[in-house]
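User: I would like a close look at one part of this model. Please start with the ligand surroundings and then move on to the helix packing.

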Amino acid sequence: MKRFFLENYGCQMNVYDTEGMERLLIESGYARTDAPETADVLLVNTCSVREHAEERALNRLAELTRLKDQRPEVVVGVTGCMAQRMGKDIKRRLPRIDLVVGSQALPAVLEGIDEAEKARARGGKHKPYIGPQTLDHYLPPPIARTGEPRLKGFVTIIRGCNKSCAYCIVPTTRGPEVSRTPEEIVAEVQELVAAGAVEVMLLGQNVNSYEAGGVDFPELLHRVGAVRGLRRLRFTTSHPRDMNRDVVQRMGTAPRLQPWLHLPVQSGSTRVLAEMNRDYSLAHYLDVVDAARAAIEDLSLTTDIIVGFPGETGEDFEETLRLLERVRYDTLYGFKYSPRSGTAAASREDVVPADEKQRRLAALLEVQKRISHERNQRFLGRTLEVLIEGRDAKRGNWLGKSGHNKTVILPDGPHAVGGFVAARIERAEGLTLYGTALGRAAE
Ligand code: 5AD
Ligand code: SF4
């Protein structure tokens with residue numbers, strides 16, 4: 001039996017796509033391996049969001065193509081956003097690559113492997129298979145792939161992005177928005193639950209623009225939350241522009257929805273937000289935050305921030321720091337701006353120097369570290385429902401997650417992965433909570 005090795009970079013939607021490709025390959029008779037040396041087909045599903053992500057994938061691919069020195073028959077391919085963005089130009093960076101299949105044409109990976117093998121057999125000059133720009137059908141959903149029990153599942157509900165944030169390559173790599181039907185989504189969630197999943201995360205670049213057959217995102221949340229057997233419902237990512245008090249109110253009452261919201265702000269300066277083409281003011285963002293906190297009890301709030309966008313002044317950055325103090329996020333993901341060719345901001349000359357970007361990122365993370373720690377103290381002495389997700393064998397601890405998406409560490413005890421326990425929180429540090437189990441959590 002032929003084996004494939006498939007490695008993923010990038011966001012949760014890429015994880016979902018990777019699992020879909022795994023299913024496709026397994027159903028075509030391949031077996032999975034985690035050891036590249038034993039694989040006949042090696043694939044890297046890539047991300048283009050920042051240059052760093054692309055460099056990492058390119059280095060990894062260069063390393064994998066070196067396996068061809070010993071075994072010239074192996075097929076090495078690049079899939080996903082970087083393949084979509086660069087297409088055949090990727091040959092310049094990876095002259096020995098055998099196939100290039102972009103995120104909008106992933107099912108072509110099978111044909112690509114086939115063609116690459118045929119080309120190899122024919123001999124002659126090396127010419128990689130370059131997949132189509134787009135396909136009008138998508139990968140099958142990943143769920144049925146192995147039958148192995150799973151605790152959590154991702155479900156992509158909307159593909160692509162119709163926004164045009166000045167820094168972002170995603171609308172190019174992922175293409176325009178396409179919502180899946182609510183029936184398809186609910187069926188997939190039901191199947192996941194039947195396979196043992198207790199938690200589902202709905203995915204989209206912008207879940208709030210979901211619309212299919214008159215069903216909008218809040219309505220979809222209600223439908224998915226009502227699936228029997230599902231215990232936890234999450235989603236990511238929301239766009240503040242497409243949220244308002246009414247939408248947030250309707251979202252907040254969905255059954256099984258967990259008190260966690262990832263709401264990327266990108267900058268605390270309305271001027272920079274306008275230049276980023278985010279299409280909302282800071283005042284609107286804060287209004288959505290207030291509405292979310294009113295609608296969802298004890299909400300845990302996280303965000304993404306870009307520092308050093310072209311033209312960002314010291315004063316703009318100070319506004320971002322003030323925003324952190326005002327909103328008091330539970331945690332955040334901070335990024336140095338990375339120019340992506342083809343985006344509106346890439347041609348700007350008023351760049352922030354690299355060392356200044358680094359300084360701002362460090363300052364941002366420093367402020368947030370303190371706030372995260374302070375925010376976590378609110379859990380002290382409280383009893384939280386914890387989903388047991390794994391065991392730290394070395395320390396003999398159990399690791400779980402609260403509904404707020406906080407890691408909770410419990411001392412050894414008669415727990416099992418997939419179980420829900422009620423735990424009293426005794427210590428709160430940085431991003432982690434430490435507790436003792438009081439017993440099984442009620443349904
Ligand atoms: N440079 C830096 N960060 C970026 N992001 C998206 N594009 C870029 C870029 N060009 C960040 C945004 C987004 C997250 C997924 O990645 O903060 O929310
Ligand atoms: Fe990376 Fe964006 Fe593509 Fe996800 S959609 S893999 S974050 S470029």
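How far is an oxygen atom of ligand 1 from an N or O atom in the side chain of Gln266?

Analyst: The model is predicted. In it, the separation between an oxygen atom of ligand 1 and a side-chain N or O atom of Gln266 is 2.7 Å. Arg50 also comes in through its side chain: an N or O atom there is 2.9 Å from an oxygen atom of ligand 1. Tyr167 uses its backbone instead. A backbone N or O atom of Tyr167 lies 3.0 Å from a nitrogen atom of ligand 1.

Around ligand 1 sit Val49, Arg50, Tyr167, Gln266, Asp304, Ile306, Phe335, Lys336, Tyr337, Ser338 and Arg340.

Val49 leads on to the other ligand. Val49 is listed around ligand 1, and Val49 is also one of the residues surrounding ligand 2. By class, the shell of ligand 2 has five nonpolar residues, three polar ones and one charged one.

Now the helices. Take H9 and H11. H9 covers residues 245-252 and H11 covers residues 282-295. Their axes come within 9 Å and cross at roughly 30°. Angles under 35 degrees count as roughly parallel, so H9 and H11 are roughly parallel to each other. Their crossing is right-handed. H9 brings Arg245, Val248, Gln249 and Gly252 to the contact. H11 brings Asp287, Val288, Asp290, Ala291, Ala292 and Ala295. The classes in this contact are five nonpolar, two polar and three charged residues.

The other pair is H12 and H13. H12 spans residues 314-327, and H13 spans residues 354-376. They pack at an angle of about 15°, with axes 10 Å apart. That angle makes H12 roughly parallel to H13. H12 passes H13 in a right-handed crossing. From H12, the contact residues are Gly314, Phe317, Thr320, Leu321, Leu324 and Glu325. From H13, they are Arg360, Ala363, Leu364, Val367, Gln368, Arg370 and Ile371. Sorted by class, the contact of H12 with H13 holds seven nonpolar, three polar and three charged residues.

Notes. Residues are numbered from 1 along each chain as its sequence is written. Chains are lettered from A and ligands numbered from 1 in the order in which they are written. This is a predicted model: local features need pLDDT of at least 70, side-chain atom pairs count only at pLDDT 80 or more; totals for chains, interfaces and linings use all residues. Side-chain values use heavy atoms; hydrogens and water are left out. A residue is near a molecule or strand if one of its heavy atoms lies within 4 Å of it. Ala, Val, Leu, Ile, Met, Phe, Trp, Tyr, Cys and Pro count as nonpolar, Asp, Glu, Lys and Arg as charged, and the others, Gly among them, as polar. Axes are lines fitted to C-alpha atoms, for helices over the stretch in contact, and angles run from 0 to 180 degrees between N-to-C directions. Helices (H or I, at least four residues) and strands (E, at least two) are DSSP runs, numbered from the N terminus. Angles under 35 degrees count as roughly parallel, over 145 as roughly antiparallel, 65 to 115 as roughly perpendicular and the rest as oblique. A crossing is left-handed if the near helix is turned anticlockwise from the far one by less than a right angle, and right-handed if clockwise. Contact means heavy atoms within 4.5 Å. A polar contact is a pair of N or O atoms within 3.5 Å; within protein, one must be able to donate a hydrogen and the other to accept it, and residues adjacent in sequence count only if both atoms are side-chain atoms.
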